[in-house]
Amino acid sequence: MLAELLVLKRSDAAGLVAQMTQQLRGLIASGRIRRGAMLPSSRQLAAELGVARNTVTHAYEQLAAEGYLRIAARRRPVVTDDIEERFVRAAPVPRHDGGRKPLLSPWALRLTETDWPLSYQANVRPLRPGLADTREFPHELWARCLRRSALRRRFNDQTVINRPSLREALRDYLEVNRGVRAEADQILILPTAQAALTLIAATTVISGDAVWTEDPGYPGAAAAFRAAGADVVGIRLDQWGMTRAGERRAPKLIFTTPSHQHPTGRLMPVARRTELLAAAEPGKTWIVEDDYDGEFHYDSRPMPALQGLDRDGRVLYLGTFAKAMTADIRIGYLVVPPQLAGTMEIAQRHLGLIASVHVQEALADFMADGHFLAHVRRMRRIYRSRRDHLSAVLARQLGAVLAAEIPPGGMQLIARFKDGRADRDAVTRLVAAGVEVRALSSLALERPHDFGLLLGFAAWRENEIGAAVRTMAHCLTGKRVARG
């Protein structure tokens, strides 16, 4: 009788033992084989099913270990007496939550209060800001470095989470190209720049601490610091970026993007940088400098990093390879003052903010072989051309509606409405039409004062930019726009 309830397939990859165990378990749990029932001997059932006796024996032993059967020497297996009661108690409780929200930690609740990351990130479409063009990346060269890294055995020691080879390559690159002053052991290698912000918040912020960020500014920074319990204060911008905060008491942290202010692209001059350093009392206030796309300056040589001007160890400098290479490399870095290096590396381990050792070694090779700098130089020319093309097409097709601000560098630009119309309503229409832009007002930390559209140009070729702007013109003016 039992043999008729079992259907075993020799072609099934799970194997005969697993199939028999699963099917018998289901029959017992469903009540089709009741408590106290005596099952056939392993010899008898094996003969009826046409399988080896060991197949049945192993299935019976597994079910006995799980508490479904009682097995004794020279006796047939018996279903456990209390099997039905145990399954009634283990049955899932129907959900009657009445719409109640789950009980979350304060950290999780504060994260859910932010508008970051974007809610429409599923499909990447023109003109999403902040993306690199992965189609132009030298994938074959990168694959060669990955293969070389995978074949090596020297980095089998997984306890070294920040690989010396990449630390040294980064130190040399940042010193020459960004004016950063640091030793290799001050550089932490992290999965993303956002991971660096999380690490900074976890190690420096106490609940209630004041943190200044640019307004409008990068929402990921505000999210990380708010989640840590900080009182995040937005500091308004002028033509040079973050303004002085007047007579306000110095905060615990100041977050800034001086090389290309996010999102406006404004470049902070040396005089303003000096004022910012003066506002940070050594040992009490830390400055977080996010150089998220500092490789891309188009109209002049890049200005040295704020970190290079600091002589008192107040600046934490962070960057990422997501903009200069591709986002799926998942490598960011954080240069910390010497007095924080040991503590932050311990915290990095405890938080699990560890980048792939394999990828770190490959990236060190990619930089040492000159591929990284060659790629950056090439993309700098391409992105500058795309910036100029986007600004020209906007002026030609939407000049009566939008005024574009041409940034000196970066991967995106701001276009403001000349009539002051609501930018969020416009973004809703544009996203629905297939053009993925962001409202400038949505990046405000407090009451928005700036309105416009944030448009990415780096990831999109000129024909794609042209098509997107034609769609924008139709959405914003109601007129069909011809090519050209």
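Predicted model: local features only at pLDDT ≥ 70, side-chain atom pairs only at ≥ 80, totals over all residues.
Student: What should I look at when two helices pack together?

Tutor: The general idea is that a packed pair is described by two things, the angle between the axes and how far apart those axes are. Here, helix 9 covers residues 193-204 and helix 13 covers residues 338-351; they pack at about 115°, and their axes are 10 Å apart. Because the range that counts as roughly perpendicular runs from 65 to 115 degrees, helix 9 is described as roughly perpendicular to helix 13.

Student: Which residues make the contact?

Tutor: Helix 9 brings Leu199, Ile200, Ala202, Thr203 and Thr204, while helix 13 answers with Met344, Ala347, Gln348 and Leu351. Sort the residues of that contact by class and you get six nonpolar, three polar and no charged ones.

Student: Let me try another pair. At what angle do helix 7 and helix 14 pack?

Tutor: Helix 7 (residues 139-151) meets helix 14 (residues 357-368) at about 125°, and the axes lie 8 Å apart. That angle is why helix 7 counts as oblique to helix 14. The crossing of this pair is right-handed. On the helix 7 side, the contact uses Leu141, Trp142, Cys145, Leu146, Arg148, Ser149 and Ala150. From helix 14 come His358, Val359, Glu361, Ala362, Leu363, Asp365 and Phe366. By class, that contact has nine nonpolar, two polar and three charged residues.

Student: Which residues line the largest cavity?

Tutor: Its lining is made of Asp215, Pro216, Arg236, Ala444, Arg447, Pro448, His449 and Asp450. Three of the lining residues are nonpolar, one is polar and four are charged.

Student: And what volume does the second largest pocket have?

Tutor: About 300 Å³. The second largest pocket is lined by 17 residues, and those closest to its centre are Val176, Asn177, Arg301, Pro302 and Arg380. Helix 8 (164-178) and helix 15 (371-398) each give at least two residues to the lining. By class, the lining of this pocket splits into seven nonpolar, five polar and five charged residues.

Student: I'd like to check the backbone too. What kind of peptide bond joins Asp215 and Pro216?

Tutor: A cis one, with omega about 0°. Pro216 sits in the loop between strand 4 (210-215) and helix 10 (219-227).

Student: Where is Leu127, and what is the peptide bond from Pro126 to Leu127 like?

Tutor: Find the loop between helix 6 (106-112) and helix 7, and you'll find Leu127 there. The bond leading from Pro126 into Leu127 is cis, and omega is near 5°.

Student: One last stop. What is the phi of Arg74?

Tutor: It's positive, about 60°, even though Arg74 is not a glycine. To spot Arg74, look in the loop between strand 1 (69-70) and strand 2 (78-79).

Definitions and conventions. Residues numbered from 1 in each chain as written. Heavy atoms only, no water. 1 Å grid on protein atoms, 1.4 Å probe; cavity = no way out; pocket = protein on both sides within 12 Å on 5 of 7 lines; lining within 4 Å. Nonpolar A, V, L, I, M, F, W, Y, C, P; charged D, E, K, R; others polar. Axes fitted to C-alpha atoms, helices over the stretch in contact; angles between N-to-C directions. Helix = DSSP H or I, 4+ residues; strand = E, 2+ residues; numbered from the N terminus. Parallel < 35°, antiparallel > 145°, perpendicular 65-115°, else oblique. Contact = heavy atoms within 4.5 Å. Points joined across faces, edges and corners; volume = space filled by probe spheres on them. Left-handed = near helix turned anticlockwise from the far one by under 90°.
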